[in-house]
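Here is a short briefing on one protein model. Read it with the structure open.

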Amino acid sequence: MLWATKECGTANFGDTRLTHRLVSLAASLIEHPEKSLPEALGQWSDVKAAYRFFDNEKVTVEAIYDAHRKATIEKIKNQPVVLAIQDTTIFNYTLHRETKGLGPIGQAGLSGFFLHSCLAASAEGVPLGILAHRLWVRSLEPKEKTHKKRPIEDKESVRWIDVTREVAETVSPFTKVVMVGDRESDIFDLFLLASANQYDILVRAAWNRRIDQSHDYLWPVVESAPVLGRTVINIPRADKRPEREAVVLTLQAATVTLKPPKHRGKEKLAAPTLNALLVQEQSPPEGEKPIEWMLLTTLPVTTMVKYL
């Protein structure tokens with residue numbers, strides 16, 4: 001109950017009884033996160049009270065989230081370094097046929113919505129809370145063939161930019177922020193944004209981008225760099241891939257300046273300089289695709305020593 005009070009106790013619905021109900025609900029649900037609402041609450045009277053709470057017009061997502069974000073910002077104050085980890089969750093509501101306002105989520109016939117959120121975590125990996133989020137429903141209209149040439153503001157990927165800006169404005173300048181993202185966050189505008197602000201980025205590269213003032217490309221440049229070191233890890237089992245032990249990985253790094261996209265030449269964009277890290281598996285099993293990660297970051301990279 002103490003945790004729930006700290007996280008939700010400042011929610012303002014214009015009725016303190018609703019705030020108390022939210023705290024009580026959060027305390028119950030956190031004890032059974034894998035269960036449905038009736039299973040987690042147990043008594044039918046509590047279940048009915050929960051349904052009345054969610055149906056109340058005074059209860060809004062904004063009020064609940066504002067309380068949580070206040071608690072998150074308070075926890076961040078004591079952190080010298082914060083990892084701001086962005087990712088997108090897909091909510092599949094295909095079987096909820098009576099639900100209105102849904103859109104396509106991927107494969108034909110599937111419907112639901114998307115939630116892009118930014119989780120703050122300490123340098124040790126302890127979750128601190130959500131700093132920003134965007135929820136949207138995809139249009140039923142087919143994608144245009146000129147999608148690549150559309151401005152970033154007209155694409156779904158703009159959520160990475162918007163959330164990054166919001167986090168930068170929210171977190172105190174006395175806390176070092178490292179924005180972390182997967183391959184979907186390999187966005188040129190995101191690199192420009194990091195260069196112009198006081199925070200760092202760490203993203204997994206998806207595109208073999210051109211190097212500025214050169215005919216070279218990202219992957220060959222980093223592959224030609226000296227090997228900084230080797231490490232051995234175990235790879236857990238996943239879907240069709242069996243568990244693998246004692247996998248040898250090499251680490252190479254190079255400082256690169258990325259050439260702006262050709263189709264955006266009229267914008268006269270700057271060429272951001274980043275550090276690129278290439279992690280590659282040595283001697284993979286026969287028939288297995290070698291493990292490989294290309295990371296782009298504004299953080300310094302010179303040795304195998306951990307910086308955070």
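Start with Phe174, which sits in the loop between helix H6 (158-170) and strand S5. The model is predicted.

**Phe174**
- Phe174 has a relative accessible area of 77%. It therefore counts as exposed, since the cut-off for that class is over 50%.
- Between Phe174 and Leu135 the sequence separation is 39 residues. In space, their C-alpha atoms are 29 Å apart.

**Helix H2**
- H2 covers residues 16-31, which makes 16 residues.
- At 1.5 Å a residue, H2 should span 22 Å.
- Asp15 caps the N-terminal end of H2. One of its side-chain oxygens is 2.9 Å from the backbone nitrogen of Arg17.
- The buried residues of H2 are Leu18, Thr19, Leu22, Val23, Leu25, Ala26 and Ala27.
- Those buried residues pack against four partners: helix H1 (2-8), helix H3 (37-41), helix H4 (44-55) and helix H5 (61-76).

**Cavity**
- The structure holds 1 cavity of 30 Å³ or more.
- The largest cavity has a volume of about 30 Å³.
- Strand S5 (176-181) and strand S6 (200-204) are the elements that give two or more residues to its lining.
- S5 gives the most to this lining, with 3 residues.
- The lining of the largest cavity consists of Gln86, Trp160, Met179, Val180, Gly181, Ser185, Leu190, Ile201 and Val203.
- By class, 6 of these lining residues are nonpolar and 3 are polar. None is charged.

**Second largest pocket**
- The second largest pocket has a volume of about 1300 Å³.
- It is lined by 27 residues, and the closest to its centre are Leu22, Phe54, Val61, Ile64 and Tyr65.
- The elements that give two or more residues to this lining are H1, H2, H5, strand S3 (111-122) and strand S4 (127-136).
- The pocket lining has 19 nonpolar, 5 polar and 3 charged residues.

Definitions and conventions:
Residues are numbered from 1 along each chain as its sequence is written. This is a predicted model: local features need pLDDT of at least 70, side-chain atom pairs count only at pLDDT 80 or more; totals for chains, interfaces and linings use all residues. Side-chain values use heavy atoms; hydrogens and water are left out. On a 1 Å grid over the protein atoms alone, a cavity is a set of points where a 1.4 Å probe fits but cannot get out, and a pocket is an open set with protein on both sides within 12 Å along at least five of seven lines; lining residues have an atom within 4 Å of a point. Grid points are joined across faces, edges and corners, and a volume is the space filled by probe spheres set on the points. Ala, Val, Leu, Ile, Met, Phe, Trp, Tyr, Cys and Pro count as nonpolar, Asp, Glu, Lys and Arg as charged, and the others, Gly among them, as polar. The expected span of a helix is 1.5 Å times one less than its number of residues. Buried means under 20% relative accessible area, exposed over 50%, partly exposed in between (1.4 Å probe, protein chains only). Contact means heavy atoms within 4.5 Å. A polar contact is a pair of N or O atoms within 3.5 Å; within protein, one must be able to donate a hydrogen and the other to accept it, and residues adjacent in sequence count only if both atoms are side-chain atoms.
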